[in-house]
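Trainee: I have a structure open and want to learn how to read it. Can we go through it feature by feature?

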Amino acid sequence: MTVAMIEIRDLTFAYGGGPPIFENFNLKIDRGAAWSVIGPSGCGKTTLLYLLAGLHRADNGTVVIDGRPVVRPRPRTGLVLQDHGLLPWASVRENARLGLSVWEFYGSDGTHAPANWHKDRADADRRVDFWLQKLGIAELRHQYPSKLSRGQRQRTAIVRSLIMEPDLLLLDEPFSAIDAPTREELQRVITNLIRKSKTACIIVTHDIEVAVTMGEKILVLRKGANQSPLVLENECTAIEDRHHHPAFHNKCDELRQIMGGLACTTG
Amino acid sequence: MHHRLTPTAAGMGFLMFLAFWQALAWIIHRPIMPSPVEVLPVFFASIFGELGFHLLASTARVLAAIGIAVLTAAPIGIGLGQLPRMDRIFAPLIAIVYPIPKIVLLPVIYVLMGITDISKILLIALIIFFQILVVVRDQAAKLRPELILSVRSLGAGRRALFRYVYFPASLPAVLTALRLSVGTAIAVLFIAEQSLTTWGLGYYIVVETYQVLRYPQMYAGILAMSLLGLALYFVIYSLELKVCAYQDSGETG
């Protein structure tokens with residue numbers, strides 16, 4: 001096994017004096033791996049993303065990415081939150097370009113933007129247009145977010161992350177409240193992308209089918225303090241026509257049973 | 001809610017205004033109410049001379065006051081809006097001070113700051129300051145934490161957050177507050193300029209013309225002051241329309 005990209009060591013975290021959500025939690029995630037994180041609401045799925053993104057600080061223990069402890073957002077980590085976090089006063093294009101604009105604002109200082117990054121406005125503009133085209137929202141580039149559907153907003157937020165050429169992509173419920181055809185297309189786009197670019201991808205979801213579709217490994221979180229990680233291996237991500245494949249349904253059932261069991265033991 | 005003012009409508013409004021004025025002049029028929037036919041030539045003759053300099057002095061004071069107020073109130077408002085604990089401490093103080101008519105502080109400011117232009121400017125700035133402070137604070141408090149977190153995850157520190165989130169988020173509120181307070185600001189300017197200066201429309205209208213019964217000139221001064229208020233209002237309003245373009249049509253989320 002290669003050296004892990006992400007190492008969570010003895011992580012303990014609680015919100016402002018509340019009960020711990022993670023307690024001496026350890027986990028390793030390989031470069032380019034596709035993970036799903038599933039669990040009931042309030043189990044700490046989003047919290048885990050925030051910790052990985054450097055937006056929350058651990059009470060104890062560390063999150064190490066690429067050999068460096070995460071103490072603030074890392075330039076090559078892309079994060080797409082559930083409500084997308086688009087600027088309401090900026091067009092789709094301006095929103096998609098926001099990360100690059102922030103990098104241009106600071107210059108390649110190694111803290112806010114990668115040290116080996118070269119400022120090139122024209123190239124940045126080209127890349128924005130390329131990705132907008134690729135995700136099929138190029139014709140919406142001058143629209144404001146309030147005019148978009150949920151799926152279109154989701155794509156804008158994804159473009160905003162992909163433009164930064166992340167080596168780690170964190171997605172919080174990326175397919176919730178999106179109609180089925182759009183969802184399946186987005187799943188295909190993301191799967192192809194992360195395979196091609198060897199981007200590690202961690203998708204948080206409450207949906208069993210999404211978890212089995214997207215994660216080569218599935219981390220199951222529970223309500224209450226998560227101590228040792230419960231990880232399920234999953235080979236179904238490679239299946240093309242998963243809806244008619246028994247292995248896919250078996251995996252979903254297995255995951256459902258595991259989650260059901262957790263719910264019983266923790267009340 | 002917003003009634004856009006077209007150039008045609010503005011022209012119509014101005015003509016109606018002149019008609020009413022003329023009618024009043026006929027009805028009252030006294031020197032204190034000269035007709036526009038008498039006043040407008042005086043206005044155009046003096047606006048490029050002495051009156052123009054008074055107008056410039058007043059404009060400079062208002063603009064300086066707006067500048068000071070925006071540059072101090074906006075950052076403090078953003079700070080209070082984003083730091084609920086601080087806001088809870090200062091909110092009662094602001095609530096008490098906000099409605100005080102700041103003009104009553106005129107003598108105090110004169111004594112403390114001296115009878116220079118700066119004291120007049122500060123008095124006006126004080127009025128605008130509280131208007132902006134309150135709306136910017138409320139606007140900043142409405143920003144969703146997820147939005148801030150998203151932008152932070154793109155590498156934004158405090159400076160970039162200000163540039164890409166706080167500044168554009170509070171700009172519409174700043175402009176609205178300015179538009180609504182610019183009338184009061186000019187009213188206070190009018191009073192402040194009546195003493196301890198020899199420049200400004202307040203001085204021109206009260207000391208140079210009214211007190212020596214030069215009524216047509218006095219009306220030229222009143223016209224100039226009205227134009228100042230009108231111009232500021234519409235400049236701010238057009239900026240507002242431009243900045244708020246994204247709010248124009250129904251928000252869904």
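Trainee: Which strands form the open sheet in chain A, and in what order?

Mentor: Strands of a sheet pair through backbone hydrogen bonds, either parallel or antiparallel. Here six strands of chain A form an open sheet, ordered E6-E7-E8-E3-E9-E10, with mixed pairing. Strands are DSSP runs of E with at least two residues, helices are runs of H or I with at least four, and both are numbered from the N terminus. Two strands pair if DSSP finds at least two bridges between them. The edge strands of chain A are E6 (77-80) and E10 (230-233), each pairing on one side only. From one strand to the next, the twist averages 20°. Before going on, note that this is a predicted model: local features need pLDDT of at least 70, side-chain atom pairs count only at pLDDT 80 or more, and totals for chains, interfaces and linings use all residues. Residues are numbered from 1 along each chain as its sequence is written, while chains are lettered from A and ligands numbered from 1 in the order in which they are written.

Trainee: In which sense do E6(A) and E7(A) pair, and over how many bridges?

Mentor: They pair in the parallel sense, over four bridges. Thr77(A) has Leu168(A) in E7(A) as its bridge partner. E7 (residues 168-172) also runs parallel to E8 (residues 200-205) of chain A, joined by five bridges. There, Leu169(A) partners Cys201(A).

Trainee: Are the residues of E6(A) buried or exposed?

Mentor: Count neighbours: buried is 20 or more other C-beta atoms within 10 Å of a residue's own, exposed is 12 or fewer, partly exposed is in between, with C-beta atoms placed from the backbone. Thr77(A) and Leu79(A) point one way from E6(A), Gly78(A) and Val80(A) the other, and all are buried.

Trainee: Why does Glu235(A) count as exposed?

Mentor: Because Glu235(A) has 10 C-beta neighbours inside 10 Å. Glu235(A) sits in the loop between E10 and helix H7 (246-266) of chain A.

Trainee: How do I read two packed helices?

Mentor: Two packed helices are described by the angle between their axes and the distance between the axes. Take H3 (residues 50-82) and H9 (residues 201-210) of chain B: their axes come within 7 Å and cross at roughly 130°. Axes are lines fitted to C-alpha atoms, for helices over the stretch in contact, and angles run from 0 to 180 degrees between N-to-C directions. H3(B) and H9(B) are therefore oblique: under 35 degrees counts as roughly parallel, over 145 as roughly antiparallel, 65 to 115 as roughly perpendicular, and the rest as oblique.
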